[in-house]
Amino acid sequence: MDFKKEYLEIAEFAVERAAKAAAGGNGAGPAAQAEAYIDDAESLTISVSGRAVEQFNAVKEAGIGVRVLRGGKMAFGSSNDLSKKAVGELVDGLVKKAAFHSADEFNVIPGAEDGAVMMGGAGGDFDAYDPKIAEVPVQEKIKKALRLEAAGLEASPKITGSLMTIYQDGSYHKYLANSGGMSGWFRQSVCAGVAYLTAADGEARESGQAERGCVKWADLDPEVVGREAAEKAVGMLGAKPIGSAEMPMVIAPDVAVQIWSYIAGMLSADAVQKGRSMFAGKIGSRVAAGGFTLVDDGRLKGGINSAPFDGEGVATRTTPLISDGRLETFLYDAYTARRGRTRSTGNRSRDGYKSAGGIGVTNLYLKPGDAAPEAIIGGVGRGFYLTTVLGLFAGINSASGDFSIPSAGFMIEKGKIGAPVRGVTIGGNLFELLKGVEAVGRDLTWFNNTASPTVAVNSVKISGSGK
Amino acid sequence: MSGNKSMSRRSFIGKSAAGLTTAAVSPALLEMLLGATGCKTGSGPASDIIIPDDVLARAVALLMSRGADFADVFVERAAIGSVLSDDRKINTKTTIEKGVGLRAVKGGRTFYAYTSSFEPAGIYETAGYVADAAAAPGAASAGAPSVVRLRPLVAERAFPIEPMPSDADVEKKIALVKAMTDRAWSADARVVQAMQLLRETVRQINIAASDGRAARQTLGLTELMAQTYVKGADGRLQAALDQRGAYAGLDYFKGDDSFEKIVDGAAAKALKLLEAVDSPRGVFPVVFGPGMNGVLFHESCGHGMEADLVFKGSNYKGQIGKRTAARGVTLVDDGTIPFFPGSYAFDDEGTPAERTVLIEDGVQRGYLCDKVWAGKLGMKSTGSGRRESFRFPPIPRMRNTFIEKGATPAAEITAGTRRGIYVCDVGGGGQVDPVTGNFMMGVGEGYLIENGKITRPIKGATISGMGIQAMKSIDLVGDDLKLFASAGRCGKVQNVPVGFGMPTIRVRGILVGGKGEAWTDIEGGIEGDGKGK
């Protein structure tokens with residue numbers, strides 16, 4: 001996949017056009033600033049079933065997203081037609097439409113003073129792009145996709161098949177230009193696999209899912225993903241509910257990352273400023289146990305989301321959110337930074353060219369501790385080992401932090417993993433959960449752009465129908 | 001798929017505020033989309049041609065030229081616009097997009113690619129690439145492609161969209177949203193944040209398939225959403241959401257579906273949560289009110305009946321003719337209900353829409369099939385092949401899914417329940433594992449039932465269980481069927497609009513999660529013998 005100079009030029013053209021359109025009498029009105037973002041993507045998705053390719057979906061698409069700021073009013077539009085004619089018309093329309101928007105003193109197209117990166121060339125290299133992905137022949141990718149499923153099918157005779165096993169990769173070039181003088185580009189790639197397998201033993205039927213995402217083709221090991229999904233499915237066979245109780249809980253890394261991602265969402269300055277987050281007013285106070293350090297790092301070498309600048313051209317950063325239990329900062333973009341009289345942390349995230357963007361994490365991880373995961377489990381007399389959650393988003397009240405989440409996992413008896421458990425709900429409050437963290441493992445594991453080790457908390461309320 | 005860095009998870013209807021961003025379609029943009037083809041708004045099932053038939057026919061022939069079993073071309077132009085009011089700030093967002101999706105199916109395997117160019121050369125090149133991918137090793141080299149003759153399909157049922165969204169100009173829409181903003185913020189002194197969204201999606205679709213069928217339709221969807229955050233005296237925040245969606249313009253949203261009702265509803269539900277007690281937890285009777293709660297059966301059962309998941313081992317595999325629900329329960333998935341978000345004249349591979357009976361009086365009668373999976377199961381397509389856009393091949397999806405009305409007068413259902421909870425709506429989302437049938441839903445608005453009466457509001461409740469078991473545990477089906485035209489999307493790798501509904505229904509016992517009292521005696525919850533099983 002190549003750098004396309006013409007895309008950088010179209011982005012710059014869109015920005016100039018906005019200024020011209022405003023000046024050139026689209027009604028008398030203030031000058032226009034603008035930002036143009038082009039996302040050029042090549043992606044392949046291969047789903048396999050029954051040891052054969054089931055679906056093959058190849059994508060090549062480029063699109064542009066334009067923001068126009070005029071008199072404090074910001075309009076946004078996007079299109080996948082990158083011809084000068086279409087882009088020009090899109091921009092003209094936005095310049096006119098901005099007049100109807102709410103004026104907001106915090107609307108901003110970032111310039112140098114907002115932290116925008118002034119450079120006219122390639123962004124810094126964070127090892128976030130692998131040129132091999134675009135070059136590897138399709139037959140090799142099909143082989144890897146087939147191996148994702150095969151590794152799982154071969155892991156145990158109790159595995160009966162796969163519901164959804166997918167190989168997906170993408171190569172992206174992103175271009176940004178704005179009227180503050182910012183103009184640049186960078187590239188990222190991803191190579192990911194998901195296996196979702198079914199197991200049976202007599203009447204018992206279970207499923208297990210595993211997922212990994214990497215920057216590099218060579219790092220995606222289908223054996224790891226397939227085998228993990230199989231182990232999870234087989235391990236749950238015979239799972240039964242337990243009765244309602246309160247007990248200590250150990251959280252597996254792939255569930256922990258879902259909880260930390262949720263918490264990071266509550267640490268968005270946007271949520272805080274709009275009164276939607278229970279973390280408002282808590283900077284500097286203790287929100288978690290000592291030893292709990294949660295970091296968002298946009299410059300992590302080899303991080304899937306690493307980039308020199310964010311979705312509006314502001315330099316990315318390494319941002320400790322919670323340090324040793326103390327809340328250090330929220331995540332900001334240029335808008336919320338202006339509103340909060342602080343600096344952007346470079347967290348304007350865009351999910352493709354159609355999105356104007358919002359605050360999002362880059363690479364999010366919980367700093368690992370020293371304990372081996374076996375030792376953490378060994379330290380629990382009787383507790384619950386949480387390995388699956390169903391419906392995390394619907395089960396947490398973002399305003400209060402109260403949660404009630406259907407879950408599955410294993411009993412821990414006398415420091416050892418015991419019987420599988422299903423059909424229970426874990427309940428509590430996120431704040432209490434964070435403050436109740438008693439151990440953080442050393443087994444930091446990455447799932448796409450989030451990572452966590454095994455974590456133990458002192459108590460959770462379990463609802464179940466068992467005796 | 002542009003710029004999407006993470007694998008799609010199996011997430012279902014999620015109505016978080018974070019997902020709601022778009023902008024108004026200005027008349028100028030609508031004209032750009034529709035004017036060139038002379039499409040008139042509100043003129044019934046649109047039949048306008050985006051790409052000439054001869055180009056489509058040639059593309060289909062190319063797709064078939066290396067031995068595919070069948071092929072189709074899906075051409076789409078879309079304009080998506082919305083007006084969003086958040087924190088009292090009103091902004092718009094617009095997307096214009098177009099593309100051609102080319103599919104070849106061989107031996108039940110799907111090969112797909114799309115291009116955003118409408119130039120015939122680009123379409124033919126992409127068609128050739130897909131045909132090559134689908135070709136079995138050692139297939140004969142491409143000879144002259146056979147000629148494909150297209151015959152336009154006429155819908156048996158009309159699917160008029162009146163009025164088409166975007167007839168009102170952007171200033172009027174912004175004024176409407178502003179009025180709703182003022183209304184939301186003045187609902188109560190305890191309101192601390194409110195969001196309202198008006199989103200319109202107009203999609204113009206042309207389909208051409210290798211069996212000669214050609215279908216065209218224009219779908220215009222309007223969605224309204226409102227979310228309100230309130231803060232109680234103790235400083236705790238609660239939030240609630242209400243929404244509607246329909247294939248119609250703003251005129252459709254009247255009475256109970258009006259924007260005013262939606263905004264008021266979000267505020268009222270949030271305020272209720274401030275005085276709510278923690279939900280009890282355990283296994284006990286739950287009475288579900290009619291309408292929106294239908295999403296529970298969409299989640300807990302519907303996905304397991306989609307033919308691709310059936311084939312791969314969902315808990316409904318091999319169940320045709322067997323009992324999968326209590327007597328008196330009939331589950332329908334219907335793509336013909338006028339205006340409803342799960343309706344259409346043709347599905348996204350050109351099969352006319354139909355009403356499909358999935359469960360009849362407790363016995364499994366069918367599954368939801370598209371062409372590919374109907375083939376694998378030896379069944380017929382039920383017109384359930386849907387795509388999010390030209391970027392995806394079709395897969396079996398639900399449309400408008402509901403339980404038919406039953407015999408019991410609705411008021412008797414709660415009155416006959418000694419202890420349990422009454423669920424008004426299952427909040428904003430849920431998820432299911434179709435292999436085991438395990439599902440969960442969060443309760444948005446619910447109440448305690450004590451001695452047959454609805455008493456205090458509850459908060460933090462989740463309902464979870466196993467699909468077939470939950471359906472078999474239904475013991476009373478009310479006579480008050482209500483259908484709900486929902487905004488938002490159902491996600492299964494790709495997102496589509498859906499509708500749902502149900503009458504008042506009681507489930508004899510189901511697992512409720514919550515932070516409150518543990519109730520362990522289900523026998524104490526029902527007057528006399530519950531019916532069902």
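Me: Which residue of β13(A) is the bridge partner of A:Asp296, and what makes β8(A) and β13(A) a pair?

Reply: In β13(A), A:Leu364 is the bridge partner of A:Asp296. Strands pair if DSSP finds at least two bridges between them; β8(A) and β13(A), residues 364–366, have 3, in the antiparallel sense, so they qualify. This is a predicted model, where local features need pLDDT of at least 70, side-chain atom pairs (heavy atoms, without hydrogens or water) count only at 80 or more, and totals for chains, interfaces and linings use all residues. Residues are numbered from 1 along each chain as its sequence is written, with chains lettered from A and ligands numbered from 1 in written order.

Me: How do you know that β8(A) also pairs with β9(A)?

Reply: Those strands are joined by 4 bridges and run antiparallel. A:Ile322 of β9(A), residues 318–323, is the partner of A:Leu294.

Me: What makes both faces of β8(A) count as covered?

Reply: On one side of this strand (a DSSP run of E, at least two residues), A:Leu294 and A:Asp296 are buried, meaning under 20% relative accessible area with a 1.4 Å probe and protein chains only. A:Val295 and A:Asp297 are buried on the other.

Me: How do you know that the length of helix α2(A) agrees with its residue count?

Reply: Helices are DSSP runs of H or I, at least four residues, and α2(A) has 14, residues 84–97.

Me: Which residues of α2(A) are called buried?

Reply: Among them are A:Ala86, A:Val87, A:Leu90 and A:Leu94; A:Gly88 and A:Lys97 are buried too.

How values were computed
Buried means under 20% relative accessible area, exposed over 50%, partly exposed in between (1.4 Å probe, protein chains only). The expected span of a helix is 1.5 Å times one less than its number of residues.
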